[in-house]
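User: Hi, I'm new to reading protein models. Could you go through this one with me, step by step?

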Amino acid sequence: MDSRVYICLPKQYMEKLNEMGEWDHGLFIKRMNPYVTKDILESHFEKWGTVLFCDVKTECTSGFPRGLGYVCFCSEEEADAAEAAGPHKLAGMEVLVRRVVSPKTTDSMVHKPHRRTGMAYRLASSSWLECE
């Protein structure tokens, strides 16, 4: 499960947001054909720049696609170019595309499943809990 936060703002506020920290720039895609895979999603959007990663959201219980996806680009300009190139069609269906930003994550902040205690997720690094 992905615990990313996606923020959709008008372009006029993006500059102020960039002053607050580092952000991943990407697109959130809705109304996708359920047969669209990560490979199809990536190959469609790599025309506009370097795709760092992409994700197709699925139901937790059934694993069936929810018709939602996320594509992360290397730069803000590439994400803007991909959004401007719309409308986009994937597997014969027109999709809705929203330009979003997400806080940059590091490998130490990745959530991993934890089955023993029944907790859904735990941090891979608990260094933030240590008292100074």
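User: Which residues of H2 are buried?

Analyst: Residues are numbered from 1 along each chain as its sequence is written, and side-chain values use heavy atoms, with hydrogens and water left out. Buried means under 20% relative accessible area, exposed over 50%, and partly exposed in between, using a 1.4 Å probe and protein chains only. By that rule, the buried residues in H2 are Leu41, His44 and Phe45.

User: Why do those three end up on the same side of H2?

Analyst: An α-helix has 3.6 residues a turn, so residues three or four places apart point the same way. Here you look at the arc, meaning that of the directions from the helix axis to the C-beta atoms. Leu41, His44 and Phe45 are on the same side of H2 because they cover an arc of only 85 degrees.

User: What covers the buried residues of H2?

Analyst: Helices (H or I, at least four residues) and strands (E, at least two) are DSSP runs, numbered from the N terminus. Cover is about contact, meaning heavy atoms within 4.5 Å. For the buried residues of H2, the cover includes S1, S2, S3, H3 and S4.

User: How many helices and strands does the protein have?

Analyst: Reading along the sequence, you get the pattern α-β-α-β-β-α-β-β-β-β. Count them up and the secondary structure comes to three helices and seven strands.

User: What about helix H3: which of its residues are buried, and how wide an arc do they cover?

Analyst: Helix H3 runs over residues 76-84, and its buried residues are Glu76, Glu78, Ala79 and Ala82. The face turned away from that buried side carries the exposed residues Glu77 and Ala84. Among the elements covering the buried residues of H3 are helix H1 (11-18) and strand S5 (93-103).

User: How many disulfides does the structure hold?

Analyst: A disulfide here is a pair of cysteine sulfur atoms within 2.5 Å. The sulfur of Cys72 is 8.4 Å from the closest cysteine sulfur, in Cys74, and that is too far for a bond. Cys74 is in no disulfide either. The number of disulfides is zero.

User: Where is Arg31, and is it buried or exposed?

Analyst: Arg31 has a positive phi of about 60 degrees although it is not a glycine. You'll find Arg31 in the loop between S1 and H2. With 58% relative accessibility, Arg31 counts as exposed.

User: Which element has the lowest mean pLDDT?

Analyst: pLDDT is the predictor's confidence in each residue, from 0 to 100. The protein averages 76, and 77% of the residues score at least 70. Over residues 107-123, pLDDT stays under 50, and where pLDDT is low, the predicted coordinates should not be read in detail. H2 has the highest mean among the elements, at 90, while the lowest, 44, goes to strand S6.

Technical notes. Predicted model: local features only at pLDDT ≥ 70, side-chain atom pairs only at ≥ 80, totals over all residues.
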